Each structure stands twice: as C-alpha cells, then as structure tokens.
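Grab your viewer and work through these exercises. Each one has a task, followed by a solution in steps.

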Amino acid sequence: FSEMPSPDALSWNSMISGFSESGSLELARNFFERMPEKNRISWNAIIAGSEKNADYDGAIKLFIEMQGTEEKPDRHTLSSLLSICAESVAVDLGMQIHQLVTKIVVPDIPLNNSLITMYARCGAIFEARTIFDEMQFEKDVISWNAMIGGYASHGYALEALELFDLMK
C-alpha cells in the first residue's frame, strides 16, 4: 500500500476492512483517520469492524460522527448498530436508529429482525410486537424466535406460548 503512488478509495477501504477482519482494529482506525476522502463504504467498514471486534463504544462514536457527514449507513451497519444497542440495552439509541431506518431504507426481513431483537432485549415488548405484526407474511424463523424469546425473557410466558402456537 505504501508503495502505491496514489491509492484510490477502494484501496483505502480494502485496508480498513482487511485490518478489521484480522482483528487489527487500531491499524484499521489508523487507515480510516488518514484516508483523504471518506465515503459511505469507508464509514460502514470501520463501524462494522468496530462492532466485529467488540468495540461497541467506538462503533457508536463513529456512527454519531458519521451523522455529521453526508454519508448514510447501509443496512448491514444499521443492523450491527441495533445489535450493539441490544447488547448494551441502549433502547434510546436503538429508537434513534429505528427512526433513521425508516427515513433512509425500506426495512427488509433481517433489518426488521434486528429491530425486534433490539426492542425485545431492551424490554420494549410493545415496540417489538408492533414491528413483528407489521411484517405480516414476511416473518421467518428468526422473527418468530426473537419475539417469542422476548416475551419469555421478560415474564410474558402466556404470550410466548400463544405466539408459539400461532407460529405452528
């Protein structure tokens, strides 16, 4: 990389992704910080790399920093951020990301599953069920498990059993 006369965005992004994948988040961040022009892929790569390497605070800080640019997160990054919110029980941030989801993408099944999981783990069962119900015929086994598990883990055994019966 250092021998290249003028590395393009693809080269920079490849270095960021490669170092993140290999667990060298410090090096990935170093490349990200030195990158002359960051694009959507750059931001998504460093946020995903931070999440993959369990630097949840770093991923959230980068996401907040990204909001000050014209770049927007992709579906994968939004899903990663929702997973972080679920792990951290950060329902307020999760709700903000949910609002962003509705503004910049049409949620697909995996993104809706991430929303259900995040709300359910954070104890916002009503919000999780609302998203679940809005999915109508698009539910997969992950959707059902996330909702049933959310009910069960928060003491709604009857609702979990009723939903299980409905799933069958």
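**Exercise 1.** Find which residues Leu82 is in contact with, leaving aside its neighbours within four places in sequence.

*Solution.* Start with where Leu82 sits: helix 5 (helices are DSSP runs of H or I, at least four residues, numbered from the N terminus, while strands are runs of E, at least two). Next, apply the contact cut-off, heavy atoms within 4.5 Å. Beyond its sequence neighbours, Leu82 touches Gly94, Ile97, Leu111, Ser114, Leu115 and Met118. Then check accessibility: Leu82 is buried, with a relative accessible area of 0% (buried is under 20%, exposed over 50%, partly exposed in between, using a 1.4 Å probe and protein chains only). For a distance check, Leu82 and Glu21 are 61 residues apart in sequence and 20 Å apart in space, C-alpha to C-alpha.

Before going on, a word on the model: it is predicted, so local features need pLDDT of at least 70 and side-chain atom pairs count only at pLDDT 80 or more, whereas totals for chains, interfaces and linings use all residues. Residues are numbered from 1 along each chain as its sequence is written, and side-chain values use heavy atoms, with hydrogens and water left out.

**Exercise 2.** Find how many salt bridges the whole structure has, then look at where some of them sit.

*Solution.* Use the cut-off: a side-chain nitrogen of Lys or Arg within 4 Å of a carboxyl oxygen of Asp or Glu. The search finds five salt bridges.

- Asp55 pairs with Arg29, with the closest N and O atoms 2.3 Å apart. This pair links distant parts of the chain, 26 residues apart: Asp55 is in the loop between helix 3 (40-52) and helix 4 (56-66), and Arg29 is in helix 2 (residues 25-34). Asp55 is partly exposed at 22%, and Arg29 is partly exposed at 23%.
- Arg129 and Asp133 form another, at 2.8 Å, N to O. Both lie in helix 8 (residues 125-134), four residues apart, about one turn of the helix. An α-helix has 3.6 residues a turn, so residues three or four places apart point the same way. Arg129 is partly exposed at 23%, and Asp133 is partly exposed at 40%.
- Asp165 and Lys168 meet at 3.6 Å, N to O. Asp165 is partly exposed at 48%, but Lys168 is exposed at 68%.
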